[in-house]
Amino acid sequence: MTYLSRIRINPLRAESRHLLANPRAMHAAVTGGIPEGPDGERILWRLDADNPHRPHLFVLTHSKPDWTHIVEKAGWPDADGEHAAVRDYAPLLDQIAQGREFAFRLTASPVQNTRTPTKPTPAQTARLTADTDHKPTRGFRMGHRTAAAQLQWFLTRTERWGFDIPPSRTDTPASGLGEPTTGTIAPTGTGAWDSHPAREVRITARRRHSFVKNGKGPRVTFHTATFEGRLRVTDPAAFTTRLLEGIGPSKAYGCGLLTLAPLPGRKS
């Protein structure tokens, strides 16, 4: 079976502040809710902190989890209400069909592969200058840093993920974050915006994460973008796979979980 959990986080507690600021720490807390531990199954999670006074942690697991440790250390253990909702994911998966539309949210890490980074790190410079016996240097995974590039990364991959983004129903969609975050990509793939109607997707948050792995290992740096909008299922099998396995890299650090909701004014 598969389960989707929603856990309420109290942002005023010391442990909460640690978890909210460090994806590695949150990953450890999430894997602690599964009896098999981090090697037992692939776990997808996402932190929704658009309301800083009431952040929520969403987690997708294949076995039934127990979030008591997170509620006790980072929630409201003695307050009223449902602190950790755990729901069977099967009813949602049963609704997946070609042409079906949903509202969605996804936090992903848009990346590209390049052999010539613009501003290489010391480690990358060492790799570039090392003697490789004239063999081509394998590419570097680099994060997209602008909203336009992040949106292009998203829109040019939806077909392989089993869905598309329908044209916007509004005359002037919100641009968001002061940069172009709605639109379609020119057929040349150059990233230029064309004159066709905008798509129903926008970037609602962008962030750069950087921390030292395991407290003493190499520094991990990646960029994230949160996409929200309306999607239409085009390939139910591919789409279901992406729901269960996630989208893009950095899944251990809160990226890749695509969540769905009924469209406003429509029956589920």
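**Aromatic pairs around phenylalanine 154**

Phenylalanine 154 is buried, with a relative accessible area of 0%. This briefing concerns a predicted model and describes its aromatic ring contacts. The model contains 8 aromatic pairs. Phenylalanine 154 takes part in a stacked pair with phenylalanine 104 and in another with phenylalanine 227.

**Pair of phenylalanine 104 and phenylalanine 154**

- The ring centres of phenylalanine 104 and phenylalanine 154 are 5.9 Å apart and the ring planes lie at 15 degrees, so the pair counts as stacked, the cut-off for stacking being under 30 degrees.
- Because phenylalanine 104 belongs to strand E5 (residues 101-108) and phenylalanine 154 to helix H6 (residues 147-155), the pair ties together parts that are 50 residues apart in sequence.
- Phenylalanine 104 and phenylalanine 154 are both buried.

**Pair of phenylalanine 154 and phenylalanine 227**

- Phenylalanine 154 and phenylalanine 227 have ring centres 4.6 Å apart and planes at 15 degrees, so this pair is stacked.

**Charge over a ring**

- The charged end of arginine 46 is placed over the ring of phenylalanine 58, at 5.4 Å from the ring centre.

Key:
Residues are numbered from 1 along each chain as its sequence is written. This is a predicted model: local features need pLDDT of at least 70, side-chain atom pairs count only at pLDDT 80 or more; totals for chains, interfaces and linings use all residues. Side-chain values use heavy atoms; hydrogens and water are left out. Rings of Phe, Tyr and Trp (its six-membered ring) pair if their centres lie within 6.5 Å; planes under 30 degrees apart count as stacked, over 60 as edge-to-face and the rest as tilted. Helices (H or I, at least four residues) and strands (E, at least two) are DSSP runs, numbered from the N terminus. Buried means under 20% relative accessible area, exposed over 50%, partly exposed in between (1.4 Å probe, protein chains only). A charge sits over a ring if NZ of Lys or CZ of Arg is within 6 Å of the ring centre and within 35 degrees of the ring normal.
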